[in-house]
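Please read them with the sequence and the coordinates open.

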Amino acid sequence: MAQFVREVMTPGVVAVRPDASLVEAAQLMRAQDIGDVLVAGDRSLLGVLTDRDIALRAVADGVDPLTVSAQAVCTPHPVVIGPDDAVSAAVELMREHAIRRLPVVEDGHPVGMVSLGDLAVSEDPGSALAEISRAAPDDSPGSMIR
């Protein structure tokens with residue numbers, strides 16, 4: 001079992017500028033096969049933007065995703081954890097705040113992300129969530145509306 005967040009996190013950061021459009025953010029999510037991006041400026045974390053944020057806070061309200069910025073729709077001041085914090089602390093933060101993804105920040109700069117799936121793979125490798133998290137994405141023609 002992993003002891004520190006550094007051991008379970010997905011290193012690296014997928015981020016957009018605060019002024020990036022929602023279309024830019026969504027295209028990056030699609031290209032990276034992820035459900036969220038960090039909103040960062042000058043290497044500082046400003047927020048987290050999820051596919052759900054785009055759908056519920058923008059598209060559902062009828063706004064033009066080409067003209068709305070990532071910063072306007074993201075969750076500002078996200079809960080974060082450090083890479084040298086205990087995995088148990090990450091679990092507790094995710095439980096307490098009912099979140100599935102937790103940015104990993106070191107010296108004020110985002111360095112990775114830890115997800116519920118990352119924790120499942122590390123802490124309960126035989127679980128259904130761990131198996132799903134390890135599975136390759138489905139890129140078959142019928143898997144996306146085109």
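1. Val37 is buried, with a relative accessible area of 1%; buried means under 20% relative accessible area, exposed over 50%, and partly exposed in between, with a 1.4 Å probe and protein chains only. Val37 belongs to strand β3. Leaving aside neighbours within four places in sequence, Val37 is in contact with Val14, Val16, Ala25, Leu28, Met29, Gly47, Val48 and Leu49, where contact means heavy atoms within 4.5 Å. One of these, Ala25, is twelve residues from Val37 in sequence, and the two are 7.2 Å apart in space, C-alpha to C-alpha.

2. On the basis of these notes: this is a predicted model, in which local features need pLDDT of at least 70 and side-chain atom pairs count only at pLDDT 80 or more, while totals for chains, interfaces and linings use all residues. Residues are numbered from 1 along each chain as its sequence is written, and side-chain values use heavy atoms, with hydrogens and water left out.

3. The chain has seven helices and seven strands. Helices (H or I, at least four residues) and strands (E, at least two) are DSSP runs, numbered from the N terminus. Their sequence order is α-β-β-α-β-β-α-α-β-α-β-β-α-α. Of the 146 residues in the chain, 36% are buried. Among contacts between residues at least 6 apart in sequence, 53% join residues at least 24 apart.

4. Strand β3 is part of an open sheet of four strands, ordered β2-β3-β4-β5, with mixed pairing; two strands pair if DSSP finds at least two bridges between them. β2 (15–16) and β5 (75–76) stand at the edges with a single partner strand each, so one side of each is left without a neighbour in the sheet. β4 (residues 44–50) and β5 run antiparallel and are joined by two bridges. Val48 stands opposite Thr75 in β5. As background, strands of a sheet pair through backbone hydrogen bonds, either parallel or antiparallel.

5. Asp33 lies in the loop between α2 (22–32) and β3 (36–41). Asp33 has a positive phi of about 55° although it is not a glycine. Ser21 sits in the loop between β2 and α2. Is Ser21 buried or exposed? Ser21 is buried, with a relative accessible area of 7%. Not counting residues up to four places away in sequence, Ser21 touches Pro65, Leu66 and Val68.

6. A second open sheet has three strands in the order β1-β7-β6, with antiparallel pairing. The edge strands are β1 (10–11) and β6, each of which pairs on one side only. β1 and β7 are joined by two bridges, and Pro11 stands opposite Gly112 in β7. β6 and β7 run antiparallel and are joined by six bridges. The bridge partner of Pro103 is Met113 in β7.

7. The hairpin of β6 and β7 has two residues between the strands, and Asp107 there takes a positive phi near 55°. Asp107, which is not a glycine, lies in the loop between β6 (101–106) and β7 (109–115). At 72% relative accessibility, Asp107 counts as exposed. The backbone at Asp33 also has a positive phi of about 55°.

8. α5 lies across β6 and β7, running at about 130° to β6. α6 lies across β1 and β7, running at about 65° to β7. Axes here are lines fitted to C-alpha atoms, for helices over the stretch in contact, and angles run from 0 to 180 degrees between N-to-C directions.

9. How do these helices meet each other? Helix α5 (residues 87–97) and helix α6 (residues 116–123) pack at an angle of about 135°, with their axes 11 Å apart. That makes α5 oblique to α6; angles under 35 degrees count as roughly parallel, over 145 as roughly antiparallel, 65 to 115 as roughly perpendicular and the rest as oblique.

10. At this contact, Val87, Val91 and Met94 in α5 meet Leu116, Leu119 and Glu123 in α6. The residues of the contact divide into five nonpolar, no polar and one charged. Ala, Val, Leu, Ile, Met, Phe, Trp, Tyr, Cys and Pro count as nonpolar, Asp, Glu, Lys and Arg as charged, and the others, Gly among them, as polar.
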